[in-house]
Amino acid sequence: MTAARPLRADAQRNRDRLLEVAVRAFSQDGPDVTLDAIAKQAGVGIGTLYRHFPTREALVDAAYRSELARLCDSATDLLRDTAPDRALRAWMDRFTEYMATKRGMGDALRALIASGGDPFSQSRDRLTAAIAQLLRAGAVAGTLRTDVTPDDVLLSLSGISLATADPGRHDQAGRLLDLLMDGLRPRA
């Protein structure tokens, strides 16, 4: 088995732009958005889209996984620039944005699942790994409790995201995330 060759810089830019546009299109326009419209919005031809994503399902899957990777990878970036407890709180905001995007892509994701795809196969593992990284850094710094599991935090974040899914509840989501953070801090 041979490893895939890295993409040329221009091809990588095209792929990244296609994924960015696809996430927005599937989130806002639903599963009926045409691939041609996505290619045009990305500023590429339909052939370029098909070279990167041979099927609609491949594009939906890659778009979702790209958003998941962006969220999970941001934990490292946040920890590099911010104190661990503040990094976790900032990551929580990103998680709620990710969940809103995922809900927006719901129809497209359901169509992918109906066709036999499993875009969520690695989601829980990736999310808990990112949360674990943030919790470990906070525990070492003494700003986060050591007795909390990444699964507990993920379940709490998911519940807050579901309970405040209405766009008019953005402020409430922030308050609930602040309450969760208070519960994650060490007791005096």
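Here is a short chat about reading a few features of this predicted model.

Visitor: Let's start with E67. Where does E67 lie?

Guide: You'll find E67 in helix α4, which covers residues 56–81.

Visitor: And is E67 buried or exposed?

Guide: The idea is to look at the relative accessible area: under 20% counts as buried. E67 comes in at 15%, so it is buried.

Visitor: Which residues is E67 in contact with, leaving aside neighbours within four places in sequence?

Guide: Those are V23, Y98 and T101.

Visitor: Now G45. Where is G45 found?

Guide: G45 sits in the loop between α2 (35–42) and α3 (46–52). Its relative accessible area is 38%, so G45 is partly exposed, since that label goes to values between the 20% and 50% cut-offs.

Visitor: What about nonpolar side chains in general?

Guide: In soluble globular proteins, they tend to be buried together. Here, the largest nonpolar core has 51 residues, and I38 and W91 have the most contacts inside it. Elements giving two or more residues to this core include α1 (9–29), α5 (84–104) and α7 (123–141).

Visitor: Which element gives the most to this core?

Guide: That's α4, with 10 residues.

Visitor: Back to W91. Which residues is W91 in contact with, leaving aside neighbours within four places in sequence?

Guide: Among them are L71, C72, A75 and L78, along with L127, I131, L134 and L157.

Notes:
Residues numbered from 1 in each chain as written. Predicted model: local features only at pLDDT ≥ 70, side-chain atom pairs only at ≥ 80, totals over all residues. Heavy atoms only, no water. Helix = DSSP H or I, 4+ residues; strand = E, 2+ residues; numbered from the N terminus. Buried < 20%, exposed > 50% of the residue type's maximum accessible area, 1.4 Å probe, protein only. Contact = heavy atoms within 4.5 Å. Core = buried A, V, L, I, M, F, W, Y, C linked by side-chain atoms within 4.5 Å.
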